[in-house]
Amino acid sequence: MEIKQKVPSNFRFVHISDIHNKISFINGMISSIINSTNPNFIVVTGDYSNTQKNLSKVIKELGNIKYPVFMVLGNYEREEQRNYFMKRNIELDKLVNEVSKYDNLKLLINENSILYMGETKVLIYGFDNSIYGNEKYDIETEKISNDYKIVLAHSPNIINTIESKEISYNHILVGHTHGGQINIPIFKTSYDGFHIGYKKISNDQYFSISRGLGTVRIPLRIRSNPVIDVYDVILIS
């Protein structure tokens, strides 16, 4: 997808979300698919593994990506699936430890990071998961000059915080909804009012809700294929 903006230099980034242990596809591993697109950086909007048991291999696969990867927390970073009906609370320690093993991975928890793409200064802000009310915004971030500002969160409900606090942005990227995962009339969710995919909010603002890669509870997708989104931000000619 092309996004035309007033940026000094063009750049490309990839958005993935809701891996839920799913790191291998018919056309290759996540890392090889992403590496083949030659992005400048990658953003991942939470829910890496359904269980702590599989977390290490998921983070290792993200570590195989050859480019900077910016990550935020989802609900499965504070809970894991014990069976179809039950979850249990978990701590962040294992995730933080696994991420620290790889130089290309950076976990953002209510904080920002700055990247330079040629002459373009990109600011990335990562929110903690709003499902639990853990999201916080450092208002000092508004004072940081940038050419393109990306806001990352897991749930699309973060839009309520962004609008109420009048937080500036060029692109909001989230996941969590799985695009419905099973899109047939009898399956309704609390996120049915949100769009799926990429939406232009204004001339220079965009809101993307990824369908994600994996599944929860039922290992099935209907009319909601897994997706790796590639965005090219290019100078308006």
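Visitor: Which residues line the largest cavity?

Guide: Ser49, Thr51, Gln52, Leu55, Tyr76, Glu77, Ile90, Glu91, Leu92 and Leu95 line it. A cavity here is a set of points, on a 1 Å grid over the protein atoms alone, where a 1.4 Å probe fits but cannot get out, and lining residues have an atom within 4 Å of a point. This is a predicted model, in which local features need pLDDT of at least 70 and side-chain atom pairs count only at pLDDT 80 or more, while totals for chains, interfaces and linings use all residues. Residues are numbered from 1 along each chain as its sequence is written, and side-chain values use heavy atoms, with hydrogens and water left out.

Visitor: What is the volume of the largest cavity?

Guide: Its volume is about 60 Å³, taken as the space filled by probe spheres set on the grid points, which are joined across faces, edges and corners. The structure holds 1 cavity of 30 Å³ or more.

Visitor: And by class, what is in the lining of the largest cavity?

Guide: The lining has 5 nonpolar, 3 polar and 2 charged residues. Ala, Val, Leu, Ile, Met, Phe, Trp, Tyr, Cys and Pro count as nonpolar, Asp, Glu, Lys and Arg as charged, and the others, Gly among them, as polar.

Visitor: Changing topic, how many helices and strands are there?

Guide: The chain has 4 helices and 16 strands. These are DSSP runs numbered from the N terminus, with helices (H or I) of at least four residues and strands (E) of at least two.

Visitor: Why is strand S16 described as largely enclosed?

Guide: Strand S16 (residues 229–235) is largely enclosed by the rest of the structure because 5 of its 7 residues are buried. Buried means under 20% relative accessible area, with a 1.4 Å probe and protein chains only.

Visitor: Which way do S1 and S2 run relative to S16?

Guide: S1 (residues 2–5) runs parallel to S16, joined by 4 bridges, whereas S2 (residues 11–16) is antiparallel to S16, with 5 bridges. Two strands pair if DSSP finds at least two bridges between them. Glutamate 2 has aspartate 232 as its bridge partner in S16, and histidine 15 stands opposite aspartate 229.

Visitor: Is aspartate 18 buried or exposed?

Guide: Aspartate 18 counts as buried because its relative accessibility is 0%. It lies in the loop between S2 and strand S3 (24–25) and has a positive phi of about 45°. Most residues other than glycine have a negative phi.

Visitor: Where is aspartate 47?

Guide: Aspartate 47 is in the loop between strand S5 (41–44) and helix H2 (55–63). Its phi is also positive, near 60°.

Notes: Buried < 20%, exposed > 50% of the residue type's maximum accessible area, 1.4 Å probe, protein only. 1 Å grid on protein atoms, 1.4 Å probe; cavity = no way out; pocket = protein on both sides within 12 Å on 5 of 7 lines; lining within 4 Å.
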